[in-house]
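Student: I would like to learn how to read helix faces and nonpolar cores. Can we work through an example?

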Amino acid sequence: MNRVRLRPTMQSDLEFVLSIESDPVNLPFITPWERTQHEAAIRFPDFRHFIIEGGEELEAVGFLILIGCKSPHQSLELKRMVVRDKGRGFGRAALRVAKKVAFDDLGAHRFWLDVRTNNPRAKALYDGEGFVVEGVLREAVRSGGGRESLVVMSMLKSEFVQRRGIALEVAA
């Protein structure tokens, strides 16, 4: 497993964030944000905007955004995770750290996300990391000339604790 860490995104990181978000490899799977939306996510207390640093040099390899960090319902959303160099394990490692942050640091009861049906690679990652399918939001987003459905997935704190007990999660 590749070494990763999450560090808070700074204004100076936004060119990197915007560049990988607008990369043609990533565009079919996300709805890009404008710079002002990322700036707001950096400042707004309900959000956590992180740069994913990975590899020996801990260089920037992606970013992720959590929403609902102040939710009275303790339901946090993984709004977006984009990794530049796919197939190197950075996404899986970052997701594991994000789960630890959500449950251990931010006190989440539920950690959820949605994934486009045209993104089987990401869906397989979330399946493999213990997320459970809750349902499908049919034709929820515009995609190309048509519409795309979203699969809603989540993990509960009790499931995370159970996975940690059998060493499938990052230690406390």
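Tutor: We can start with helix H1, residues 14-21, in this predicted model. Leu14, Phe16, Val17, Ile20 and Glu21 are its buried residues.

Student: What do the buried residues of H1 pack against?

Tutor: They pack against helix H2 (35-43) and against strands S2 (47-54), S3 (59-67) and S4 (75-83).

Student: Which residues touch the most other members of the largest nonpolar core?

Tutor: That core has 32 residues, and Ile52, Leu64, Leu78, Met81, Phe111 and Tyr126 touch the most other members. Among the elements that give two or more residues to this core are S2, S3, S4, helix H3 (90-105) and helix H4 (120-128). H3 supplies the largest share, eight residues. Apart from this core lies another, of 13 residues, including Phe16, Trp33, Ala41 and Ile67.

Student: Is glutamate 77 buried or exposed?

Tutor: The cut-off for buried is under 20% relative accessible area. Glutamate 77 has 11%, so it is buried. This residue belongs to strand S4.

Student: Which residues is glutamate 77 in contact with, leaving aside neighbours within four places in sequence?

Tutor: Glutamate 77 is in contact with Ile65, Leu66, Ile67, Phe111, Trp112 and Asp114. Leucine 66 lies eleven residues from glutamate 77 along the chain, with 5.6 Å between their C-alpha atoms.

Conventions
Residues numbered from 1 in each chain as written. Predicted model: local features only at pLDDT ≥ 70, side-chain atom pairs only at ≥ 80, totals over all residues. Heavy atoms only, no water. Buried < 20%, exposed > 50% of the residue type's maximum accessible area, 1.4 Å probe, protein only. Helix = DSSP H or I, 4+ residues; strand = E, 2+ residues; numbered from the N terminus. Contact = heavy atoms within 4.5 Å. Core = buried A, V, L, I, M, F, W, Y, C linked by side-chain atoms within 4.5 Å.
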